[in-house]
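The exercises below are meant to be worked with the sequence and the three-dimensional view side by side. Each one sets a task and then goes through a solution step by step.

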Amino acid sequence: MLLRENPQPIPARQPRPSSANAAREEEQQQAWELLAQEAMDEDAYLKELAGVDDLACASSLQVVVNTSTSTVSHLGSKLPNLYELSLNNSVLDCLRDLGTGFTQLRVLWVSRCGLTSLDGASGFPALRELYAAFNDVADLQALDVCAELEVLDLEGNCVTDPGTVSSAK
């Protein structure tokens, strides 16, 4: 498996604000064109990181994201066949920040991401391995829905009841 590192986080996808003057329609059109350009740039960036010409062919990806400044919930639909995703050293509050589009994802690395919750784990129905070391996770109840989970790494988290680990998996 070849994972490539990205030199910078994926840029935020935000429309340019339009004014309420007579040129409003023109500015809105420009804003939509800017969004389309950013989406094309994002696709090219993801293709480069994944080492593929078609995002549907990407099976693994290593990227750093910051969900406090940009959304990444749309990436699952762009990468429908992704099996392995490494987000180590990203900024994530919970797994819900990643959306529900990663339906084929089997391995997820989210170590040192500042995770405080595993809420959103239900968005990964095929997840078999979760590496979430060195975060601030205390509650494992969100993993109850992960029927396929075989490997769970929670080293350095705030899990207060080790029994919840065995009951989660």
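**Exercise 1.** Leaving aside neighbours within four places in sequence, with which residues is Ser90 in contact?

*Solution.* Before starting, note that this is a predicted model, in which local features need pLDDT of at least 70 and side-chain atom pairs count only at pLDDT 80 or more, while totals for chains, interfaces and linings use all residues. Residues are numbered from 1 along each chain as its sequence is written, and side-chain values use heavy atoms, with hydrogens and water left out.

Step 1: list the partners, taking contact to mean heavy atoms within 4.5 Å. Leaving aside neighbours within four places in sequence, Ser90 is in contact with Val63, Val64, Val65, Arg112 and Cys113.

Step 2: Ser90 is buried, with a relative accessible area of 3%, where buried means under 20%, exposed over 50% and partly exposed in between (1.4 Å probe, protein chains only). Its side chain reaches the backbone oxygen of Leu87 at 2.8 Å, a polar contact being a pair of N or O atoms within 3.5 Å, of which, within protein, one must be able to donate a hydrogen and the other to accept it, with residues adjacent in sequence counting only if both atoms are side-chain atoms.

**Exercise 2.** Describe the loop between S1 and H2 through Val65 and Thr67.

*Solution.* Step 1: Val65 is found in this loop and, at 2% relative accessibility, counts as buried. Val65 and Asn89 are 24 residues apart in sequence, and their C-alpha atoms are 8.3 Å apart in space.

Step 1: Thr67 also lies in the loop between S1 and helix H2 (75-78). The side chains of Thr67 and Asp97 are joined by a polar contact of 3.1 Å. Apart from neighbours within four places in sequence, the residues in contact with Thr67 are Val72, Val91, Leu92, Asp93 and Asp97.

**Exercise 3.** In what order do the strands form the sheet, and which of them stand at its edges?

*Solution.* Step 1: the chain has 3 helices and 5 strands, and from the N terminus on its elements run α-β-α-β-β-β-β-α.

Step 1: the 5 strands form an open sheet in the order S1-S2-S3-S4-S5, with parallel pairing; two strands pair if DSSP finds at least two bridges between them. Strand S1 (60-62) and strand S5 (151-153) stand at the edges, each with a single partner strand, so one side of each is left without a neighbour in the sheet.

Step 2: take one pair in detail. S1 and strand S2 (residues 84-86) pair in the parallel sense over 3 bridges, and the bridge partner of Ser60 in S2 is Glu84.

**Exercise 4.** How many aromatic pairs does the count come to?

*Solution.* Step 1: apply the rule that rings of Phe, Tyr and Trp (its six-membered ring) pair if their centres lie within 6.5 Å, with planes under 30 degrees apart counted as stacked, over 60 as edge-to-face and the rest as tilted. The count comes to 2 aromatic pairs.

Step 1: Phe102 and Phe124 form a stacked pair, at 6.4 Å centre to centre and 20° between the planes. Phe102 lies in the loop between S2 and strand S3 (107-109) and Phe124 in the loop between S3 and strand S4 (129-131), so the pair ties together parts that are 22 residues apart in sequence. Phe102 is buried at a relative accessible area of 3%, and Phe124 is buried at 1%.

Step 2: the rings of Trp109 and Tyr131 have centres 5.7 Å apart and planes at 15°, so this pair is stacked. Because Trp109 lies in strand S3 and Tyr131 in strand S4, the pair ties together parts that are 22 residues apart in sequence.

**Exercise 5.** Over the face of which residue does Arg112 lie?

*Solution.* Step 1: Arg112 lies over the face of Phe134, at 4.2 Å from the ring centre; the rule requires NZ of Lys or CZ of Arg within 6 Å of the ring centre and within 35 degrees of the ring normal.

Step 1: Arg112 is placed in the loop between S3 and S4, and Phe134 in the loop between S4 and S5. Phe134 is partly exposed, with a relative accessible area of 34%.

Step 2: examine the backbone. Most residues other than glycine have a negative phi. Phi of Arg112 is near 55°, a positive value, and phi of Phe134 is near 60°, a positive value as well.

Technical notes:
Helix = DSSP H or I, 4+ residues; strand = E, 2+ residues; numbered from the N terminus.
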